[in-house]
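User: I would like to go through a structure with you. Could you take me through some of its features?

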Amino acid sequence: MTKKTKALKPYLETIEKDCSGLTKKELLETILNIAKNVPQAKREEFLEQLDNVETPSQETITQAIRDLRAEVEERMVSIENGRYYEEYDEAYFEEAPECMSKEQKQKLEVLFQQTEALFLSNQLQIAKAAYDELFEFELEYLSLDIDLRETRARYFRCIYEISTPKQRVENLLAVIAANKSIQISKSIFDGKYPFFQDILDAHSGYLPDFDKFLPKWEKALAKIDAQRAILLRLEAVQFKKGISGVAKLAQSKQEPLYYLFWIEKLIEKNAWAEIISVTQKALKVLPHSDYRAIIADSLILAGKNQEDLPRVLKGKQEKFFSHPDDNTLLDWINEAELQENRTDALKQASNFLYKKRELSTLYIKVSLMAGEIDKAFVRVSKVKAYGWTNEQNSAGIVFAAILIALLPRKQQATELHKAILEYYSRSYSTENSLVTQIIQGIRRRQWPASQRKLWQEWAENIGKQRIEHIVSNKYRKAYGRAAEILGALGEYFILTDKADYGISIIVEYRDVQFKRYNAFRKQVDSVVKNSTVLRDKGIGY
């Protein structure tokens with residue numbers, strides 16, 4: 001997200017405040033100091049800005065915009081019918097040319113600057129006519145050096161000020177995109193379309209009859225069933241009744257966007273204690289969703305600012321419930337571990353995921369993090385040896401986890417075992433990572449011999465089946481994965497005092513069963529060479 005720029009009105013008010021106490025001499029010195037810092041390439045442009053340039057007439061600027069649009073349309077036609085390419089060597093074009101040339105874009109930017117000058121000099125009728133023409137261009141798809149949101153705010157202010165009181169609501173609804181859905185990045189107020197506060201800040205001075213306009217504006221927005229209309233309506237309520245009006249409406253509606261608006265306005269005031277109260281109310285009544293996850297984020301933020309660790313933990317828990325994935329799970333469990341609440345958190349996560357079959361892989365990861373290999377094993381015990389790279393197939397995760405879990409207590413997981421667990425869990429074994437949490441969980445518990453025997457036999461059988469499936473079907477791109485599984489089995493048996501058997505498995509697959517598969521043999525040799533457990537066992541590579 002680009003850094004938010006300061007709107008014109010507060011920008012000018014800040015400058016006026018800073019300069020109002022300066023003498024003429026001090027003001028001149030200030031301008032000269034600014035001029036000294038202007039880059040050499042920008043000096044002519046700076047001097048032009050100091051000149052009192054005459055603004056164009058309506059006829060002049062609208063004709064210039066129409067002429068440019070005709071140029072662009074002619075260029076597009078020539079591209080479509082091929083005439084454009086006749087002027088150049090065909091090999092020159094690596095990509096299709098843009099609909100506007102660089103020079104045309106520069107012309108368009110100058111026309112926006114001239115229209116802005118008309119707006120700032122209060123020639124709103126002319127500015128509005130120019131903006132009407134300028135917004136005929138498909139600005140969303142052009143890379144221009146203009147702030148599209150601020151430009152729209154100026155255009156909308158022109159419409160407001162030159163419309164009659166009876167026409168204002170209808171005229172603004174026609175352009176303000178109230179029917180649009182929204183995409184939240186960091187704030188519900190992000191985006192290329194302005195809110196009414198942007199319109200207020202687009203120019204110095206107050207909007208005429210704003211108090212009379214607001215009730216009609218809010219009433220019209222209430223009839224529109226769209227996300228942006230909801231936010232615009234809440235903004236109008238805030239203008240009329242303050243944050244208490246927003247709070248009343250949010251609590252009556254009990255919908256995510258109403259709470260999000262309320263919370264963001266409280267964040268602007270750093271009202272952390274109130275945010276904690278509001279977010280907890282919202283989390284109790286709202287269904288799980290991405291919007292609810294954003295509300296949980298606000299609880300985390302408020303908890304951190306208040307140094308309220310239980311609220312931070314609660315926020316991370318609710319964020320996981322709202323948007324369950326590896327990242328939100330790990331964030332919650334790591335926080336729970338810091339607050340000595342890991343066991344309870346994993347139990348809550350397991351209970352939440354148990355019946356959600358579409359989240360079976362996440363349930364298996366939670367089970368392994370909790371050391372409950374038996375629960376994870378039940379989910380994969382009848383799974384086939386193929387399709388391990390599918391996100392819904394967790395056999396590869398459990399295969400690696402079992403080999404690690406059944407190693408002797410003093411023996412740490414090998415790099416090869418961790419690599420397989422990383423690959424199939426789509427994580428990396430860094431500090432506080434998912435893989436680290438899984439290894440921590442599965443290494444904490446001891447299991448009866450009968451259970452260990454069952455899991456070992458399953459891991460060996462499905463590992464061998466996977467190797468045979470990949471190599472016999474000549475899935476060459478997966479030979480490396482098959483070789484890693486073979487190496488992992490060999491390492492496991494060597495480290496559990498069955499070295500001869502572990503070596504024999506590798507030799508059987510490499511030198512007997514698949515001796516004619518040279519590409520696979522090379523992958524096996526590479527695994528042996530890079531394994532501290534295998535390379536000194538006389539296997540050869």
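This is a predicted model: local features need pLDDT of at least 70, side-chain atom pairs count only at pLDDT 80 or more; totals for chains, interfaces and linings use all residues.

User: Let's start with α11. How many residues does α11 have, and what does it span?

Analyst: Helix α11 covers residues 210-222 and has 13 residues. From first C-alpha to last it reaches 18 Å, close to the 18 Å expected at 1.5 Å a residue (the expected span is 1.5 Å times one less than the number of residues). Helices here are DSSP runs of H or I with at least four residues, numbered from the N terminus.

User: Which residues of α11 are buried?

Analyst: The buried residues of α11 are F210, F213, L214, W217, E218, A220 and L221. They lie on the same side of α11, because they cover an arc of only 160 degrees around the axis; the arc is that of the directions from the helix axis to the C-beta atoms. Buried means under 20% relative accessible area, exposed over 50%, and partly exposed in between, with a 1.4 Å probe and protein chains only.

User: And what is exposed on the other side of α11?

Analyst: K212 and K219 are exposed there.

User: Changing topic: which residues line the largest cavity?

Analyst: Its lining consists of I420, Y423, Y424, R481, E484 and I485. Helices α22 (415-425) and α25 (479-495) each supply at least two residues of that lining.

User: How many disulfides are there?

Analyst: The structure holds zero disulfides, a disulfide being a pair of cysteine sulfur atoms within 2.5 Å.

User: Where is K522?

Analyst: K522 sits in helix α27, residues 518-530. At 63% relative accessibility, K522 counts as exposed. Its C-alpha is separated by 8.2 Å from that of Y541, 19 residues apart along the chain.

User: What about Q197?

Analyst: Q197 belongs to helix α10, residues 196-201, and counts as partly exposed at 34% relative accessibility. Q197 and F239 are 42 residues apart in sequence, with 9.3 Å between their C-alpha atoms.

Conventions: Residues are numbered from 1 along each chain as its sequence is written. Side-chain values use heavy atoms; hydrogens and water are left out. On a 1 Å grid over the protein atoms alone, a cavity is a set of points where a 1.4 Å probe fits but cannot get out, and a pocket is an open set with protein on both sides within 12 Å along at least five of seven lines; lining residues have an atom within 4 Å of a point.
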